[in-house]
Amino acid sequence: MLQRKQFVKKTKKGGVVKVVREHYLRDDISSGTPLDPESDPAVNKLSRDASHYLVADTNVALHQLDFLEHSAIEDVIITSVVLEEVRHQNQSAYQRLRTLTAASDRRFFVFSNEHHRDTYITALPGESPNDRNDRAIRVAAKWYDTRMPPSMPVIFLTNDADNLRKAQEDGLRAMTVQGYAQMRKDTPELVDLVAAGVTAEKENLASDSQGGKGAKRKRIYEDHRPTAAITAGIKRGIYHQGTLRAGRAQEGRLVCDSLADEVLIRGRVALNRALDGDVVAVELLPEEEWTGDGQKTPRQAPSPGTEENGDEAAAGGDGDDNQVQVAPGEHLEDDAWASTGGKRPQAKVVGIIKRNWRSRGYAGSLQPPREGQNRAGATSWLVVPVEKRFPFIRIQTRQADALMDKRIVVVIDGWEADSMFPQGHYVRTLGVIGDKDTETEVLLLENDINTAPFSPAVHACVPPLPWAVSEAHLQDPRREDLRGLPICSVDPPGCKDIDDALHIRDLPNGNMELGVHIADVTNFLLPGTAMDDEAARRGTTVYLVQRRIDMLPKPLTEDICSLRANVDRLAFSVLWELTLDGELVGCRFTKSVIRSRAAFTYAEAQARIDDARMTDELSEGLRKMNAYAKKRRAARAAAGALQLASPEVKFEIDTETQNPMDVAMYQIRDTNQMVEEMMLMANVTVAEVTLRAFPACALLRRHPVPAPRQFEPLQQVAAATGVSIDVSSSKALSDSLDGAVRMGDAYFNTLIRILATRCMTQALYFNSGQHAESEYVHYGLAAPLYTHFTSPIRRYADVLVHRVLAATLDLAPLPPSMRDAAGLKAVVDNLNVRHRNAQMAGRASVELHTLIFFHERIVLADARITKVRSKGVIVFIPKYGIEGTIHLTPKAEDGSEPPAEYTMDEQKQTIRHCDGQLALTVFDKVAVKIQIVTGVAHRRSLSLEWMSRDELPESEHME
Amino acid sequence: MELLSPEGLRQDGRRPRELRNLQSAVDTLGNADGSATFELGNTKVMAAVFGPRAAQGKSSGGRRDADIRCEFAIAAFSQSERKQLSKRDRRILEVRSMLKEALKANVLAELMPGTTIDVYVQVLAADGSIGAASLNAAFLAVADAGIPVKDLMAACVVGLVQDTPILDLNQMEEQMSRGPSLMMAMHVGLKKIVVFQADGRMPVEGVETLAELAEGGCQAVGKAMRSVLLDNTRKLALARGPVRL
Amino acid sequence: MTARVDSAPADSQAEAFKRLYPDQYYRRFLSQNTRPDGRSLTQTRPASVVLGVITSADSSALIKIGNTTVIAGVKLEVLMPKDPPDQGCLQVNVELTTLCSPEMRDNRPTEVPSFLTQQVDAAVRGSSAWQPQALCIQAGRAAWAVYLDLYVLCADGVLLDACVLAAMAALNALRLAPVDVTDAGNVVAAGNDAMTDGTSHPQQPYALSKQGTPLTLTCAVIDDRLIADPSSEEESLAATVVSTTVDGQGHVMGLQHAGGGVELSTAHLQQCITAAQDRHTDLFRVLSSAQPPDH
């Protein structure tokens with residue numbers, strides 16, 4: 001239905017290139033309401049029976065999404081100019097707005113005002129684009145107002161004072177969101193959802209309402225410097241720019257390109273409202289102000305008497321003594337610093353270049369009132385975030401009673417210099433604190449894991465089931481038929497996404513052929529498809545204790561790609577030729593069709609190896625592979641590869657309650673190491689060939705050489721027991737670790753390795769074009785080159801590597817996106833983030849299940865001391881994989897510091913009671929009592945208590 | 001960039017199946033035997049035809065049909081960034097050969113043996129679909145020169161954006177669209193396809209949908225061109241007075 | 001389709017004579033003090049100027065003198081000024097398109113385009129209308145570069161007159177958008193969101209000076225008689241061609257006498273200058289009354 005079109009030309013001066021675009025105006029744009037006979041009924045969304053229609057301005061659409069998303073807000077008109085402005089300013093806000101307008105159960109209508117003959121306006125002389133757009137929204141609102149019958153009021157929502165005034169002058173019913181929410185007596189919780197304004201006029205309103213209660217509040221933080229001053233300061237070298245990494249809300253670290261050393265930022269005032277992940281500008285403090293080692297963070301916050309400061313102190317929110325589950329690669333670097341002498345450069349934040357506030361919000365819970373404190377009816381509350389690295393967030397709510405035992409999501413709206421904590425608002429409730437499903441939601445939110453079902457566009461990329469290898473696959477000259485080979489897979493029990501399978505066989509020339517077969521995922525996952533985009537965004541499959549969040553749709557993950565037993569499957573195979581002595585004499589790659597003969601668990605495969613009566617082809621093969629793997633492993637260790645240890649636990653889950661019934665250390669068998677060895681070999685080989693073919697765009701994985709100071713905590717505790725650790729090279733470290741043994745204490749070596757593992761940094765994916773060759777090295781594996789090739793079903797990095805390998809072999813062209821360095825960097829950076837988030841989520845899930853396991857259960861267990869502190873010791877409990885602090889001097893009832901009863905010898909890592917009865921030294925065995933302490937409104941934490949080892953049942957004793 | 005909003009509007013306000021403003025005129029240059037300008041939105045193309053005239057030179061003598069020659073050029077200021085394209089630029093050569101092949105299919109060359117027909121096309125402003133606009137201008141100039149043709153020939157471009165077929169892509173749509181596109185020219189009365197140039201991966205079932213839309217587009221363009229030609233003939237006839245056969 | 005109506009028999013004889021003996025055909029008219037197109041010897045053809053025809057150009061003009069058609073387009077770019085550091089620069093380029101005459105395709109490359117380029121360049125630079133300082137954005141850091149491209153679409157005599165007219169029309173229509181130079185040395189549109197202070201400074205774009213616009217009149221000498229504004233046919237019969245450029249403020253800015261070996265009398269020269277001044281008044285009126293469509 002093409003109407004006569006008038007058109008105006010819009011000239012956009014972007015930079016200095018003149019861009020001219022046509023802009024057609026129409027007379028067939030619908031208004032979306034049945035009250036308008038000219039509106040197309042097929043697109044109408046607004047209700048005839050609504051009590052009023054709402055028109056939101058851009059700032060409302062940008063900043064009040066939680067309010068708009070509430071189900072009580074309906075019959076909203078979103079103009080296209082608002083959508084366009086929101087899209088420019090904030091992509092995620094735009095997505096949320098679009099979700100609202102697309103939802104069939106919500107009455108949000110998009111009015112294309114910019115192409116409507118009667119509502120399009122051109123900028124007046126001297127009118128800024130912002131003012132023009134604001135006016136366009138008012139013109140659209142006015143258009144509705146005149147077009148609707150008097151029985152249908154049109155309400156214009158804006159929080160901008162100027163816009164409000166102009167709208168009222170235009171004769172519109174205009175109000176602020178706050179005002180509107182208060183008017184909606186039917187839905188009182190709407191008021192909670194209104195985002196706190198951080199604008200000047202809001203302040204004015206606030207001071208007006210408070211009347212004589214002091215005109216200006218005391219300033220706590222320094223003002224942020226203006227952008228121009230920051231830019232100039234960075235240029236002159238007096239300020240430094242970097243991304244803040246905060247371990248706790250009151251301490252952060254910063255790596256700046258312009259400084260050799262990492263700088264520390266200590267204390268709330270120095271942090272000056274910066275949050276973890278913010279890009280900030282800092283100024284170095286004079287050296288005499290560096291606080292150096294060990295000391296507790298000085299409470300720099302002024303005005304200690306304020307109510308807010310008191311709150312936080314009472315909550316102990318910044319204490320770092322709570323129990324945490326610590327796993328490999330993760331290590332409490334703050335502690336490392338605290339203990340290692342020497343002063344590090346310290347700085348203070350002078351400005352924030354880019355905020356990293358999460359639009360998805362922060363999970364937390366209301367801070368319960370202190371004992372004896374009556375806060376009934378209070379509306380201003382602090383939310384304690386689940387993650388300690390974030391500050392408390394102040395929100396306004398009238399539902400405090402209902403929220404007290406809930407996990408809630410809040411977002412930060414702003415942080416004024418006169419406010420101790422950031423302002424935010426309540427978004428939604430996740431559930432009751434401590435509940436397994438609630439806490440799982442929390443850990444998914446905190447780690448930004450997308451659990452949304454795959455979109456129809458993604459599903460459209462999946463071949464229909466049942467799927468089978470076709471004649472065309474077998475006829476493909478680039479694909480070898482390897483179905484005759486004795487291939488099997490070895491995985492954990494219950495594994496459905498089988499990425500890899502193996503075989504070994506004798507060759508006629510007397511040599512052996514070893515094969516690693518990897519699911520040919522890229523045969524199904526094509527570059528540029530919706531599924532590819534989604535997989536790149538997810539980056540990895542996430543494994544929680546009882547749940548798997550897939551990177552690819554289920555039919556691919558569990559069936560079509562999975563190298564299941566006794567069905568033909570497509571694979572990407574690596575085939576080596578070995579002499580009987582295990583010398584490699586050849587290697588080739590091919591796409592293939594395979595048929596796995598068995599899908600073993602590690603235990604089953606181990607049983608076949610161990611049972612000498614099993615002489616079938618597969619068992620013999622497993623034995624040969626195992627023998628070869630051991631040889632390789634020994635050779636790698638000799639070359640300096642680190643054998644690290646990380647405590648992993650597994651849960652026995654009650655099938656009815658889905659709660660953990662038992663926890664135990666994960667048993668590592670030869671077969672685990674055998675498969676690992678084969679995968680390492682394939683990965684290294686693929687890294688080499690792809691880099692040779694594409695020096696600038698191979699995807700590799702590097703593990704940076706740790707700085708010697710990272711090993712200081714390990715060296716310190718080891719030295720206390722007379723063991724010295726040489727960290728000059730990975731070979732030296734490996735040898736030191738091998739040599740770290742104590743007679744009659746088999747677990748000592750494992751313990752040392754666990755501590756060593758924590759000193760490591762994370763391995764990272766990277767694009768070979770982005771780093772110098774000297775940085776390619778994988779420290780932990782002592783390999784000059786490494787990559788990930790063997791798990792393409794669950795890791796996107798492997799998918800990219802498959803594509804590069806296919807291009808190397810001329811099986812397919814290299815996707816152009818691999819050559820786009822900037823684009824690829826963004827993809828790879830995301831993979832690193834996703835990989836890390838997936839690990840954190842997995843670990844948090846284990847932690848959660850541990851907590852559930854200990855609920856209503858008091859357990860005695862054997863533990864080892866890993867660190868000695870002034871008032872207690874940190875212990876590791878191997879059986880449950882948990883680490884935590886035993887407080888030897890419990891806090892007094894009134895919170896005051898008890899008299900010192902213990903003395904610590906840091907050199908010897910020993911803590912001694914004054915009366916000389918008790919002395920605890922690092923690595924000592926101690927017994928602990930583990931139990932859950934329940935606090936206010938379901939807040940639970942794990943408590944460890946020192947016990948005499950005599951009370952420990954014999955069965956719990958470790959060697 | 002959202003080329004097609006969920007409300008069903010393109011960036012410039014058109015719906016998927018709408019052409020831009022189309023303007024054309026014939027007899028716009030004094031020297032040529034036939035000339036035309038063709039504008040589609042901001043795309044503007046001029047064409048001139050010289051001939052048929054007796055072929056000069058050795059090669060073309062004794063031909064049994066007319067020799068159709070084409071030249072194609074793009075003005076330096078026709079795009080956002082100033083760019084001077086050489087005559088031997090691949091993009092120039094591609095359009096030139098497309099024009100020549102299409103005109104050979106369109107002109108009844110066998111009626112004019114031993115002659116040369118020169119068709120020159122100059123793009124003055126480029127905002128997408130320049131191949132189609134050039135062919136339309138060339139056809140109008142040929143018709144204006146009174147050269148006998150098989151049928152009225154019209155061209156347009158269609159593309160697939162977010163799985164929706166769209167008609168008459170402007171430059172931004174051509175650049176930002178990740179979907180396939182199709183340039184089609186047809187004899188609109190005979191309903192026969194003269195040019196069919198597809199770019200990009202296209203699902204088999206999509207080809208038909210796109211071709212259908214392209215046919216509709218060609219018919220619409222053809223209708224507009226027919227009325228321009230009829231108007232011009234009427235004007236000429238009036239100027240000349242009654243014609244006796 | 002449209003068919004061109006055949007010429008009436010009476011005309012075809014004259015047409016044949018014209019083709020066979022062009023000289024004699026023309027001299028017959030000349031002897032009557034008239035020209036085949038009905039003009040008197042000093043009469044010029046009507047000229048027209050249309051501005052803003054090319055949306056992609058920063059300014060543009062389509063001009064006609066009789067059949068002769070030229071399109072001019074200006075593109076602006078920001079460059080680092082070299083020497084002198086406070087001036088913008090200009091680059092002119094004239095091309096004869098294949099459309100402009102039946103002979104174009106087969107002709108060998110001629111020096112005509114480069115001659116025209118040089119003449120237009122000289123006319124623009126020589127005029128007081130050209131103020132390169134006005135093109136400076138920030139001395140030593142950024143200045144506008146003006147690219148003036150002219151395409152001859154139809155060549156029927158007086159190409160230089162047409163090119164100069166088109167060049168002047170396009171340059172007069174040119175508006176420079178207000179821009180700022182950021183600290184990093186990037187040029188951004190003034191009031192653009194990229195500026196951090198958030199304030200916008202809407203300004204009207206400013207034009208280059210219009211004072212002293214040079215315009216050209218070409219005359220042909222045939223049989224010692226001066227023919228103003230000759231068609232391409234007349235130019236081909238002429239012994240010599242004289243192009244006079246004046247600025248409308250009493251200055252002669254250029255006088256080109258092309259036609260090797262033929263002398264030119266002082267009387268003719270004086271006549272040429274007087275005619276050029278008259279023509280300047282005409283053309284300047286056309287130029288001044290042309291309005292860009294959007295303003």
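**Close-up 1. Val875(A) and its contacts in a predicted model.** Val875(A) touches Ala863(A), Arg864(A), Ile865(A), Thr866(A), Glu883(A), Gly884(A), Ile886(A), Val926(A), Val928(A) and Leu944(A), leaving aside residues up to four places away in sequence. Contact here means C-beta atoms, placed from the backbone, within 7 Å. Residues are numbered from 1 along each chain as its sequence is written, and chains are lettered from A in the order in which they are written. Because this is a predicted model, local features need pLDDT of at least 70 and side-chain atom pairs count only at pLDDT 80 or more, while totals for chains, interfaces and linings use all residues.

**Close-up 2. The largest nonpolar core.** Which residues touch the most other members of this 224-residue core? They are Val55(A) and Val875(A). A nonpolar core is a set of buried Ala, Val, Leu, Ile, Met, Phe, Trp, Tyr and Cys residues joined through C-beta atoms within 7 Å. A residue is buried if 20 or more other C-beta atoms lie within 10 Å of its own, exposed if 12 or fewer, and partly exposed in between. Helix α27 (residues 821–854) of chain A supplies the largest share of the core, 12 residues; helices (H or I, at least four residues) and strands (E, at least two) are DSSP runs, numbered from the N terminus. A second, separate core of 152 residues includes Ile130(B), Leu99(C), Cys154(C) and Val179(C).

**Close-up 3. Helix α3 of chain A.** Within this helix (residues 80–89), Ser80(A), Val81(A), Val82(A), Leu83(A), Glu85(A) and Val86(A) are buried. Those buried residues pack against β3 (53–56), α1 (58–63), β4 (76–79), α4 (91–102), β5 (108–111) and α5 (129–147) of chain A.

**Close-up 4. Phe600(A) in strand β26.** Phe600(A) sits in strand β26 (residues 598–601) of chain A. It counts as buried because it has 22 C-beta neighbours inside 10 Å. Beyond four places in sequence, Phe600(A) touches Cys488(A), Ser489(A), Val490(A) and Ala605(A).

**Close-up 5. Where chain B touches chain C.** Chain B brings 34 residues to this contact and chain C brings 29 residues. On the side of chain B, the elements giving two or more residues are β3 (43–54), β4 (67–74), β5 (115–125), α2 (130–144) and α4 (204–240). This side of chain B divides into 18 nonpolar, 10 polar and six charged residues, where Ala, Val, Leu, Ile, Met, Phe, Trp, Tyr, Cys and Pro count as nonpolar, Asp, Glu, Lys and Arg as charged, and the others, Gly among them, as polar.

Definitions and conventions:
Two residues are in contact if their C-beta atoms, placed from the backbone, lie within 7 Å.
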